[in-house]
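Subject: Structure for your review

Dear colleague,

Please find below the structure I promised to hand over. My findings follow directly after it.

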Amino acid sequence: MSIALAHELGGEVVNADSMQLYRGMDIGTAKLSVAERDGVPHHLLDIWDVSVTAAVAEYQALARAAIDDIRARGRVPLLVGGSGLYLRAVLEEFEFPGTDPVIRARLEAELAETGPAPLFARLRDRDPVAAGKILPSNGRRIVRALEVIELTGQPFTAALPDPRPYYPSVQIGVDREVAELDERIARRVDLMWAAGLLDEVRALDAAGIRDGRTASRALGYQQAIAQLDGVLTESEAKDETVRGTRRFVRRQRSWFRRDPAITWLDGAAPTLVADALAVAR
């Protein structure tokens, strides 16, 4: 849909998929090949090594620079992807709380020693609203939330601003029925393994993916690493990826469905592109 819109509107795509920012993570992220981009310029693909930890503040600056450049050339920027915080950071007035390397190091050391459960319990006690939005297993986000609480003396949720637009934008969401999404996820995971995900992960292993706290935990990649290590069989790795992706899809839907600025379209409709053009225009 984004390619069709770009052709119709004179647009260029700015990637807003947090995992497609990484070089070499192609099969597991369904990154479009050059041929599939059909001549449409794409920005912010393949900009980070897999050993780099993702930073939303850095992405915000890069994405806004790309958008401003596209607009200055009289073209239409199309921000495409499903990473909710990344999209919000670009489209809204969004200032990030600072960081303290001493606090961060202490919390990360605690995470490495005890795992995420005690840290999550602390977060739930100090900021139950934030805890309700973070997976108990997501140690990186738990550490960040606790760091901000220590830095500001306020709940982590208080550091997130009320939505105020940074750019004028038209926001379109594409969805399908849950049962159909579940079936497509299972089929997609089979296709990932058939397309050579394990070979891709072997190459990324040599490039340092295990050193990256973000890339190594990506859906499919985490499970493929476990399969290569002999911790999971192929069947178990694929089943875990399907279950994890279905959970992720439900969280995505819950996140985006709360946003009244989004116009929702049926991804199965034969008129999808025409419907999107009608909204955009």
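Of the 281 residues in the protein chain, 40% count as buried, where buried means under 20% relative accessible area, exposed means over 50%, and partly exposed lies in between (1.4 Å probe, protein chains only). Please note that this is a predicted model, in which local features need pLDDT of at least 70, side-chain atom pairs count only at pLDDT 80 or more, and totals for chains, interfaces and linings use all residues. Residues are numbered from 1 along each chain as its sequence is written, and side-chain values use heavy atoms, with hydrogens and water left out.

The protein chain contains twelve helices and five strands; these are DSSP runs numbered from the N terminus, helices being H or I with at least four residues and strands E with at least two. The radius of gyration of the protein chain is 19 Å, which agrees with the value near 19 Å that a compact globule of 281 residues would have. This radius is taken over C-alpha atoms, and the globule rule is 2.2 Å times the number of residues to the power 0.38. Along its principal axes, the C-alpha trace spans about 55 × 45 × 35 Å.

Trp-193 deserves a separate note. Leaving aside neighbours within four places in sequence, Trp-193 is in contact (heavy atoms within 4.5 Å) with Leu-198, Gly-220, Ala-224, Gln-227, Glu-234, Ala-237, Lys-238 and Thr-241.

Gln-223 lies in helix α10 and counts as buried because its relative accessibility is 7%. Not counting residues up to four places away in sequence, Gln-223 touches Ala-218, Leu-232, Ala-237, Glu-240 and Thr-241. Thr-245, found in helix α11, counts as buried at 17% relative accessibility. With the residues up to four places away in sequence not counted, Thr-245 touches Ile-185 and Leu-219.

Yours sincerely
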